[in-house]
Amino acid sequence: MQEPWSKRHKKEFKGCRFSLSNSFAQPLSMPELIKLTKDRGDTKLLELYNNHDLEYVPNGGSNDLRQDIARVVYNNKLSAENILVFPGGQVAIQTAALAFASNGVHSIVFTPGYQSTVESPQWAIGNAGVTQIPRSPDKNWQVDTSKFKEAIRPNTKFVILNEPWNPGGIVMSHQLQQQIIDICRANSIVILCDEVYRFLEHNECDRLPAMANAYEKGISAVTMSKPWGACGVTIGWLACQDLCMVQRLVDVQYFGTACVSRASEIQAMMVLGASDLILKERREIVLRNKAQLMAFVEKYNELFSVNEPNAGAIAFVKFKLYPSHVLGEQLALNGISIKPYYCFADLQDEASGVKQYPCEAYHFRVGFGELNFLSKLDALAKFVDEHADRWRKEISRR
């Protein structure tokens, strides 16, 4: 297991006043959550929160929370028994990889991406290797089905998708999702889809069916932190149609963090009870901020470009002069935090041990889900204005 790719980021950008690194929607507060619960007259849930005991909850989550997840997120097409609750999404992804990428299984992942979606199959005991398929900005960062089919071996039985995709905030089309499902069905491949930005599509018509609903061997990984802004609740889950697959996940989860906090479960039920309103407000914030970000990129188009995001509260912006870690070092000195490319890919060459910086390494992630985004973007624009003339001259000399 390698060290966290974001470890360097946390060190270099520690204490920055203007954080453009955050990828979640506007965080909820507890008073806001209580008010939402009171406004809809759910006194029983408030009483439950104030009077619950501190016993262990059942492994994999209490039935009432799992029922709410099945109803709100999966439209009752799944039931409570198809849901397995975790303390956040990170351990959920790892659990799925340990369950389905071990014992001679070859896996396929896509890069750049969130580290767990790229590397977790390598952590499974007895795995038969992992093929990384690159995404390209020239193809709008989409999964290349030709390369995907070429990478499949007889023992390929596990693939990880991330849709909507982090770090780019781009979601694939319904047609492409179905093509991938058809390929995996024909080869009996389990799909784990990290869907943490689902419900934050900028146009609701772009929302894909949850993989757990769309495919009999599909697993959906979800956390409350991104679309609902409920980071501190620390509740995530895996959803899956196949109860035998669910049992495999349960068996692996037993040796990890099997029980979550009851207080967190009740908070999660409060969030789900007000889901439509919370998501509507956060999507409005995201769309306002996205317009500001796109205007920034257009104003400085000689220096920056971006594949326009259509989901989530993130974008993968390209700086045209040099790799994003160099820009990041300069920004950090001025109190501005971004997520450089190295947070989403292993840049170290195995043979030489030297870090390699491909053309994609000029990209960096910007988060635009919070109410105070404009003040952060203004700080970035001020920094750019101070350096723009010199940067343009350097680009023109190339």
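Helices, of at least four residues, and strands, of at least two, are DSSP runs numbered from the N terminus. In these terms P164 lies in the loop that connects β5 (156-162) to α8 (174-186). The structure described here is a predicted model.

**Cis peptide bonds**

The bond from E163 to P164 is cis, and its omega is near -5 degrees. A cis peptide bond also joins T111 and P112, with omega at about 0 degrees. P112 belongs to the loop between β3 (106-111) and α6 (115-119).

**Positive phi values**

N103 has a phi near 55 degrees, a positive value in a residue other than glycine. N140 likewise is a residue other than glycine with a positive phi, near 55 degrees. The table lists the location and relative accessibility of N103 and N140.

| Residue | Loop | Relative accessible area |
|---|---|---|
| N103 | between α5 (90-100) and β3 | 68% |
| N140 | between β4 (130-134) and α7 (145-151) | 31% |

N103 counts as exposed because its relative accessibility of 68% is over the 50% cut-off.

An open sheet is formed by seven strands, arranged in the order β2-β8-β7-β6-β5-β3-β4 with mixed pairing. Its edge strands, β2 and β4, each pair on one side only. On average, neighbouring strands of this sheet are turned by 20 degrees against each other, direction ignored.

Within this arrangement, β5 pairs with strand β6 (residues 190-194) in the parallel sense, over five bridges. L161 has C193 in β6 as its bridge partner. Helix α4 (residues 63-72) lies across β2 and β8 (236-240), and the helix runs at about 115 degrees to β2.

Strand β2 spans residues 83-86 and contains L84. Is L84 buried or exposed? With a relative accessible area of 5%, L84 is buried, because the value is under the 20% cut-off.

Which residues does L84 touch, leaving aside those up to four places away in sequence? The contacts of L84 are G60, G236, W237, L238, L249, V250 and Q253.

Notes. Residues are numbered from 1 along each chain as its sequence is written. This is a predicted model: local features need pLDDT of at least 70, side-chain atom pairs count only at pLDDT 80 or more; totals for chains, interfaces and linings use all residues. Side-chain values use heavy atoms; hydrogens and water are left out. Buried means under 20% relative accessible area, exposed over 50%, partly exposed in between (1.4 Å probe, protein chains only). Contact means heavy atoms within 4.5 Å. Two strands pair if DSSP finds at least two bridges between them. Axes are lines fitted to C-alpha atoms, for helices over the stretch in contact, and angles run from 0 to 180 degrees between N-to-C directions.
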